[in-house]
Each structure stands twice: as structure tokens, then as C-alpha cells.
Number of protein chains: 2
Amino acid sequence: MSREKTPADLGHDALLPHNTRRSLPIALLRAREAVMAHFRPMLARHDITEQQWRVIRILAEAGRVDASEMADKAFILAPSLTRIIRSLEERGLITKHKDADDGRRVLLEIAPEGMRVIADVSPESRAIYEELETRYGRERVEVLLDMLDELAGLND
Amino acid sequence: MSREKTPADLGHDALLPHNTRRSLPIALLRAREAVMAHFRPMLARHDITEQQWRVIRILAEAGRVDASEMADKAFILAPSLTRIIRSLEERGLITKHKDADDGRRVLLEIAPEGMRVIADVSPESRAIYEELETRYGRERVEVLLDMLDELAGLND
DNA sequence: CTCATATATTTAACACGTTAACAAAATTGT
DNA sequence: ACAATTTTGTTAACGTGTTAAATATATGAG
């Protein structure tokens with residue numbers, strides 16, 4: 001185990017950022033990927049992406065929703081959402097209408113085919129989440145969610 | 001505040017996943033985006049992406065590193081890393097050599113131009129991180145990092 | 001040595017993230 | 001009513017995420 005020389009040894013030490021492994025951005029990324037690793041193969045079997053799942057799931061929860069509201073709830077940027085909506089509509093999972101009262105707005109609604117996907121995916125998704133919750137600890141998940149919410153809320 | 005009817009009211013309730021706002025994947029995504037929102041404008045001013053910053057920062061920390069090790073440390077998938085390396089090399093921030101002992105391996109090293117970026121960006125990055133730490137609470141950051149590590153480690 | 005297998009990296013194809021610019025419709029002020 | 005402004009959604013351009021397949025080199029069995 002010989003310690004190699006690195007640029008950091010050449011006197012630039014004070015300039016370097018703190019250790020990569022204890023940084024919030026990467027830790028959040030790793031944690032998220034670890035969680036999604038449990039869901040992604042299942043979603044892939046049903047031929048939908050994580051984002052597509054978020055969109056149809058929100059439509060199933062909330063009924064008719066316009067694009068801005070969807071972007072907000074699903075945490076998807078408008079340009080991505082435009083593409084996702086196009087794809088979901090082409091596949092017949094959702095329908096899209098212009099709002100009669102405000103011609104700029106696009107109203108989204110889940111289609112029967114989309115409800116079928118919800119019915120197929122939901123039980124599996126639930127099961128995966130519950131196993132995760134059990135393994136990590138139910139209360140610890142709650143604590144973690146609270147801490148993450150607070151971190152996300154620091155900007156406001 | 002009239003409660004709208006949704007597909008959920010039509011008897012499908014048991015099929016629906018739990019509430020979107022208390023889900024780990026989205027909470028992790030929101031938290032991460034909130035954190036990155038503090039860094040991104042600064043990185044953009046220096047004309048580098050978050051991932052490019054991770055790569056050169058690791059080279060500054062660790063010296064010569066091969067691509068697999070980099071993928072591991074920076075948590076970037078191999079195909080993305082290939083593109084990022086190409087871009088960083090074209091811009092003269094890093095250099096790339098074939099390993100003499102193992103012709104498959106690609107060794108990466110930071111270039112003087114890359115060290116200049118490190119010197120420019122590091123202090124700003126540090127300052128942003130420290131303000132974040134202060135506002136969220138130093139110990140709370142440590143607790144959160146531990147909880148995230150544990151979540152990421154559930155897979156092993 | 002040589003063939004089969006394993007490993008490191010790249011390429012390809014498609015989806016999403018990000019920023020900026022654009023187009024269309026609504027709102028506001030006069 | 002109408003011009004300026006604001007809001008909503010789309011398009012464009014580029015970088016990254018994800019999976020599968022391809023390429024090149026290394027390693028191991030016989």
C-alpha cells in the first residue's frame with residue numbers, strides 16, 4: 001500500500017475541495033441511484049421509464065392536471081415534460097386537450113390503457129417500496145424524508 | 001376548495017401507489033436539485049458541468065487514475081465518462097495515456113490548465129458548501145450523510 | 001501456444017436534464 | 001380597443017444517464 005504522490009502534495013492543498021466521498025451532492029446521487037436500482041428493472045419490464053411512471057401515477061392520483069402543475073408535482077422540467085407527454089400520448093397511455101378557458105394550457109388525463117399500466121405496476125412498486133422501508137426502518141425513512149424536505153426547502 | 005373527482009375515487013384506490021410527495025426517490029431528487037442549484041450557476045460561469053468538475057477534482061485529489069477507478073469515484077457510468085474524458089481532453093484540462101502494463105486501461109491525469117480551473121473553482125465551491133453547511137447545521141449534515149450512506153449501502 | 005473466457009473501454013441508440021430562444025395566448029395599463 | 005408585458009408551452013442544442021452490443025486486450029485451461 002504505497003502512498004502515491006498527487007498534485008495535492010505539491011503545495012496546492014489549500015485549494016482543494018473537501019473529500020468527495022463526504023459531499024452532499026454525491027451522497028444524494030448515490031442514495032438515489034441505490035433506491036432506483038430496486039425499481040428500474042421492474043419499470044423496464046413494463047416498458048416505462050421512471051419519469052413516465054411519475055407522470056401517469058400523478059394523473060391517476062390527481063385526475064385532470066395541466067402541464068405546469070404536472071411539471072411541478074413530478075419535478076420534471078418543461079422541455080422534458082413536452083417530450084414525455086408526446087411519447088405517452090403516442091402510446092395511448094394519456095390524452096391531451098387544450099384548456100377551453102385558457103388556450104395556452106394543456107390538460108392531461110390518463111387513458112384506459114394508462115390505467116391498465118397503473119394497475120399492473122402499482123402493486124409491484126408498492127411491494128418494492130415496502131421492502132425498502134422495512135429494511136431501512138420505517139421511522140428512519142420518515143426522519144430521512146423530513147431532513148430531505150428541509151434541505152430542499154432551504155432555497156425558499 | 002372543492003375536492004375534485006379523480007380516477008382514484010372510482011374504486012381503484014387500492015391500486016394506487018402511496019403519495020408522491022413522501023416518496024424517497026422524489027425527495028432525494030428534490031434535495032439534490034436544491035443543493036445543486038447553489039453550485040450550478042458558479043460552475044456555469046467557469047464553463048464546466050457538474051460532472052466535469054467531479055472528474056477534474058478527483059484527478060487533483062488522487063493524481064493518476066484509470067477510467068474504471070474514475071467511474072467508481074465520480075459515480076459516472078462508463079459511457080458518460082468516455083464522452084466527458086473526450087471533452088476535457090479536447091479542452092486541454094486533462095491528459096490521457098494508455099497504461100503500459102495493461103493496454104486496455106486508460107490513465108487520466110490533470111493538465112496545468114485543469115489545475116488552473118481547480119484553483120479558480122475550489123474556493124468558490126468551498127464557500128458555497130460551507131454556507132450550506134452552516135445554514136442546515138454542521139452536525140445535521142453529518143447525520144444526513146450517514147443516513148444516505150446507509151441507504152446507498154442497502155444493496156450490498 | 002492457442003482457444004475460450006473475462007475485463008476495460010468505446011460506440012450506438014434512445015430518454016432525460018439544462019439553458020436559451022421562440023411562439024401563442026392571456027393580462028395589464030392606458 | 002390596443003400595445004406592452006407576462007405567462008404557458010414548445011423547439012433547439014448540447015451534455016449526461018441507461019442499456020446493449022462491439023472492440024481490444026489480458027488471462028487461464030488444456
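In this predicted model, the surface near DNA strand D comprises, by class, nine nonpolar, eight polar and eight charged residues. DNA strand D is surrounded by 25 residues, of which A:Ser68, A:Ala78, A:Pro79, B:Ser80 and B:Gly103 are the closest. Two or more residues of this surface are contributed by each of helix 1, helix 3 (67–74) and helix 4 of chain A, and likewise by helix 2 (50–62) and helix 4 of chain B. Helix 4 of chain B supplies the largest share of the surface near DNA strand D, namely five residues.

Around DNA strand C there are 25 residues, and those that come nearest are A:Ser80, A:Gly103, B:Ser68, B:Ala78 and B:Pro79. The elements giving two or more residues to the surface near DNA strand C are, in chain A, helix 2 (50–62) and helix 4 (78–90), and, in chain B, helix 1 (24–45), helix 3 (67–74) and helix 4 (78–90). Helix 4 of chain A gives the most to this surface, with five residues, and the residues of the surface near DNA strand C divide into nine nonpolar, eight polar and eight charged.

Between the protein chains, 52 residues of chain A are in contact with 52 residues of chain B. On the side of chain A that touches chain B, two or more residues come from each of helix 1 (24–45), helix 2, helix 5 (112–136) and helix 6 (138–153) of chain A, and helix 1 of chain A gives the most, with 13 residues. The residues on the side of chain A that touches chain B fall into 34 nonpolar, seven polar and 11 charged.

Terms used:
Residues are numbered from 1 along each chain as its sequence is written. Chains are lettered from A and ligands numbered from 1 in the order in which they are written. This is a predicted model: local features need pLDDT of at least 70, side-chain atom pairs count only at pLDDT 80 or more; totals for chains, interfaces and linings use all residues. A residue is near a molecule or strand if its C-beta atom, placed from the backbone, lies within 6 Å of it. Helices (H or I, at least four residues) and strands (E, at least two) are DSSP runs, numbered from the N terminus. Ala, Val, Leu, Ile, Met, Phe, Trp, Tyr, Cys and Pro count as nonpolar, Asp, Glu, Lys and Arg as charged, and the others, Gly among them, as polar. Two residues are in contact if their C-beta atoms, placed from the backbone, lie within 7 Å.
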